[in-house]
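The sequence and the model come first, and the notes follow.

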Amino acid sequence: MTQKKLDPPMSYDKTNEISIMHRAAKLKGRSLNELIEYGETIIGGTNTKGYFGQIVEEGYFLIENNNSPLPDFQEAGIELKVTPMKRTNKGLVSKERLILTIINYDEVPERHFDIFLKKDSHILIVFYLWEENKDIFDYKFLKAVDWRPTPEELRMIREDWEIIEGYIMRGEAHLLSERHTKYLAACTKGIGHGKDMRSQPFSDELAKQRALSFKASFMTELFHSHVDVGETLIDGSTGHQSQSILFGQWNLGETFEEHVSRMLDRFVGMTCSQIEMELGVDLNSTSKQYYSMLVLSMFGVTKKKHIKEFDEANISIKTARIKLTGRPKESTSFPAFKSEELVNQSWETSDLFDQLDRELFIPVFQFNTTHPENEDRKSLVFKGAFFWYVPDDDMEVIRGVWEDTKQKILEERFDDFVKASDGRIAHVRPHGKNSLDVDTYNGKKFVKKSFWLNDTYMMEVISNHLQKRQ
């Protein structure tokens with residue numbers, strides 16, 4: 001990489017934190033073409049992210065590319081990361097996870113959490129706007145964030161690390177999954193297809209190469225909740241609709257999940273009406289979001305729409321209503337799929353995989369009568385709540401249902417999908433608003449369909465987890 005010109009006034013002291021931040025503050029709203037002249041045109045695509053980051057590091061911050069276990073700005077103790085955002089109908093979101101460092105499984109027993117602390121506990125994060133088919137030198141920088149974890153974030157990250165380390169110390173690095181953790185993930189890294197396997201210290205079984213990373217959901221929340229290094233936050237408002245449930249309430253020695261469960265334990269056995277009275281709220285029970293809004297109120301989240309820590313960890317709240325028998329009133333649904341899109345996806349890039357490859361928080365409400373269809377929604381009793389993710393073996397079964405669905409769409413067998421009665425954990429059935437709410441494939445129209453987790457499967461999940469909470 002040959003640099004043609006660097007703006008002379010931009011020289012700075014790489015050993016001094018203030019100088020580094022002053023340099024970063026000059027990025028916002030500008031592009032590489034305005035800062036560095038390379039005389040190249042590179043159209044952005046899936047393979048240009050690393051190149052763009054390298055140009056920012058070498059061409060703008062004058063840092064040589066390296067694989068050192070120490071931070072990029074060694075004397076200042078600051079790591080530099082460059083990461084893309086993209087525009088969606090929900091606003092700006094992180095385009096991908098933030099890769100921190102490749103995990104050397106053999107180093108874990110000696111270095112432990114220092115693997116993260118020594119390199120990534122202080123990061124200068126440069127966010128830019130990724131735009132498809134645009135010259136990467138014209139990408140606009142959105143902001144540069146001087147990030148150090150809050151005490152609460154560091155506790156969450158340490159919990160995640162201990163889960164990752166636990167798998168490695170048990171000789172189970174090959175069983176690691178991003179679903180196991182909340183902020184800090186062990187994501188696969190490399191070209192795949194069995195070509196990036198690594199040894200692990202306590203097992204002869206090779207494990208996929210993985211890297212420590214921050215989940216995309218964490219990066220989205222971080223982007224919206226932090227200001228640019230060149231700005232001053234006046235009123236503490238970021239405009240982001242989320243609220244923390246940790247500050248001042250998280251007891252020492254308590255895990256995040258224990259803390260969350262404890263917050264709701266006092267409501268167990270109460271009807272929704274009693275909970276509202278206890279909280280001093282009056283929610284609209286005709287709203288489709290009634291139970292979700294009630295749960296947020298139980299956490300003390302009243303004026304915001306989301307829980308900050310759930311957003312950061314990509315945890316979805318999925319309320320369940322069960323009958324007196326313990327069986328869910330209905331199977332658990334996911335958004336209707338679009339057949340034209342589904343057939344062009346692989347399992348690991350599919351919408352269903354994305355919807356399941358995360359942790360769910362499941363609050364459970366139980367009906368009081370044998371005729372739930374006639375029961376007042378506010379009369380249901382809160383039975384408890386738990387965190388859950390689909391076990392790996394069950395994910396493989398669901399994968400089989402998804403692949404069966406893809407094949408049958410290709411064969412245009414739209415009435416021959418897996419049924420609930422087939423007992424395969426998940427099934428496919430209509431999920432349109434009415435007969436006019438249709439999906440289209442190859443010119444043929446049919447009522448929209450979606451994937452559902454069987455009610456019998458979820459009955460067992462709910463029963464087992466509520467018993468553990470008692």
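## A network around lysine 81

Glu79, Lys81 and Lys119 are linked in a network of salt bridges, a salt bridge being a side-chain nitrogen of Lys or Arg within 4 Å of a carboxyl oxygen of Asp or Glu. The model is predicted: local features need pLDDT of at least 70 and side-chain atom pairs count only at pLDDT 80 or more, while totals for chains, interfaces and linings use all residues. Residues are numbered from 1 along each chain as its sequence is written, and side-chain values use heavy atoms, with hydrogens and water left out.

Lysine 81 belongs to strand E3 (residues 79-88). Helices (H or I, at least four residues) and strands (E, at least two) are DSSP runs, numbered from the N terminus. With 13% relative accessibility, lysine 81 is buried; buried means under 20% relative accessible area, exposed over 50%, and partly exposed in between (1.4 Å probe, protein chains only). A polar atom of the lysine 81 side chain lies 3.2 Å from the backbone oxygen of isoleucine 99 and one lies 3.1 Å from the backbone oxygen of leucine 100. Beyond its neighbours within four places in sequence, lysine 81 has contacts (heavy atoms within 4.5 Å) that include Leu98, Asp120 and Val126.

## Other salt bridges

The whole structure holds 29 salt bridges. One of them joins the side chains of lysine 95 and glutamate 96 at 3.6 Å, N to O. Glutamate 96 is buried at 18% relative accessible area, whereas lysine 95 is partly exposed at 25%.

Arginine 97 and glutamate 178 form a salt bridge through their side chains, at 2.9 Å, N to O. Arginine 97 sits in the loop between strand E4 (91-94) and strand E5 (98-102), and glutamate 178 in the loop between helix H6 (151-169) and strand E8 (184-188), so the pair ties together parts 81 residues apart in sequence. Arginine 97 is partly exposed, at 34%, and glutamate 178 is buried, at 17%.

The side chains of arginine 179 and aspartate 357 also meet in a salt bridge, at 3.2 Å, N to O. Arginine 179 is in the loop between H6 and E8, and aspartate 357 is in the loop between helix H13 (351-356) and strand E17 (360-366); the pair therefore ties together parts that are 178 residues apart in sequence. Arginine 179 is buried at 5% relative accessible area, and aspartate 357 is partly exposed at 22%.

## A three-stranded sheet

Three strands form an open sheet in the order E16-E22-E19, with antiparallel pairing. Strand E16 (332-333) and strand E19 (426-430) are the edge strands, each pairing on one side only. Two strands pair if DSSP finds at least two bridges between them; E19 and strand E22 (residues 449-453) have five, in the antiparallel sense. Arginine 429 stands opposite serine 450 in E22.

Helix H14 (residues 392-410) packs on this sheet and touches E19 and E22, its direction making about 165 degrees with that of E22. Axes are lines fitted to C-alpha atoms, for helices over the stretch in contact, and angles run from 0 to 180 degrees between N-to-C directions.

## Arginine 262

Arginine 262 is part of helix H8 (residues 256-265) and is partly exposed, at 35% relative accessible area. Leaving aside neighbours within four places in sequence, arginine 262 is in contact with Gln249, Asn251 and Glu254.

Terms used:
A polar contact is a pair of N or O atoms within 3.5 Å; within protein, one must be able to donate a hydrogen and the other to accept it, and residues adjacent in sequence count only if both atoms are side-chain atoms.
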